[in-house]
Amino acid sequence: MKLPARWILALATMTTATVAVATFTLIAAWPALAAETAAVPPDPDVLRWGFASAALAAGLAALGAGYAVAQVGTAALGALAEKPDLFGRVLVMVGLAEGIAIYGLIVSILILNRLG
C-alpha cells in the first residue's frame with residue numbers, strides 16, 4: 001500500500017512540529033529549572049509539560065520509524081527477490097530508517113535529564 005504524497009507531507013510536518021514543540025517546551029522550562037534549589041521542589045506544570053514532551057518525542061519518532069521501516073522494508077524485499085547480492089546495501093537502508101526511533105529516544109532522555 002502506497003500512501004499519497006500529501007500523507008507523507010503531513011507525517012513529515014507533524015514530526016517537525018513535534019520536535020519544535022518539544023524544543024520550545026524545554027527552552028521554556030529552562031528558567032524554572034535553573035532557579036531550582038534542593039529545598040524547593042520543581043513546578044508541577046514544568047514537570048507535566050516536560051514529561052508530555054518527552055513522551056511525544058519518543059512516541060512520534062517511533063511511529064515515524066515504524067512507517068519508514070515498513071516502506072523501506074517492502075522495497076528491500078522486492079529488491080532482494082530480484083538481486084540477492086544487494087543484501088548489505090538494503091540492510092544499511094533499513095538501519096537508517098530505524099535510526100529515527102533512536103534519535104527520538106535520545107531527545108526524550110535529554111528532556112528527562114533536564115527535568116532533574
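## Overall architecture

Among contacts in the protein between residues at least 6 apart in sequence, where contact means heavy atoms within 4.5 Å, 78% join residues at least 24 apart. This is a predicted model, in which local features need pLDDT of at least 70 and side-chain atom pairs count only at pLDDT 80 or more, whereas totals for chains, interfaces and linings use all residues. Residues are numbered from 1 along each chain as its sequence is written, and side-chain values use heavy atoms, with hydrogens and water left out.

The secondary structure comes to three helices and zero strands, giving the pattern α-α-α when read along the sequence; helices (H or I, at least four residues) and strands (E, at least two) are DSSP runs, numbered from the N terminus. Of the 116 residues in the protein, 19% are buried, where buried means under 20% relative accessible area, exposed over 50%, and partly exposed in between, with a 1.4 Å probe and protein chains only. The accessible surface of the protein comes to about 8,200 Å², and 75% of that area belongs to carbon and sulfur atoms; accessible areas come from the Shrake-Rupley method with a 1.4 Å probe, and for residues only the protein chains shown count as cover.

Helix α3 covers residues 87-115. With 29 residues, α3 reaches 43 Å from its first C-alpha to its last, close to the 42 Å expected at 1.5 Å a residue, the expected span being 1.5 Å times one less than the number of residues. At E98, α3 bends by about 25 degrees, the bend at a residue being the angle between axes fitted to the seven residues ending there and the seven starting there. After α3 comes G116, whose phi is positive, near 95 degrees.

The buried residues of α3 are V90, A97, G99, A101, G104, S108, I111 and L115. S108 counts as buried because its relative accessibility is 8%, and, leaving aside neighbours within four places in sequence, S108 is in contact with A54, A57 and A58.

I102, Y103, I106 and L110 make a nonpolar surface patch of about 440 Å²; patches are made of residues with over 30% relative accessible area and no salt bridge, like charges being joined within 9 Å and nonpolar side chains (Val, Leu, Ile, Met, Phe, Trp, Tyr) within 5 Å.

L96 and V72 are 24 residues apart in sequence, while their C-alpha atoms are 9.6 Å apart in space.

R48 forms a salt bridge with D45, and the closest N and O atoms are 2.6 Å apart. Because R48 and D45 are three residues apart in helix α2 (residues 44-82), they are separated by about one helical turn. R48 counts as exposed at 51% relative accessibility, whereas D45, at 39%, counts as partly exposed.

A79 has its place in helix α2 as well, and at 26% relative accessibility A79 counts as partly exposed. The C-alpha atoms of A79 and V90 are separated by 8.2 Å, the two residues being eleven apart along the chain.

Terms used: Salt bridge = Lys/Arg side-chain N within 4 Å of Asp/Glu carboxyl O.
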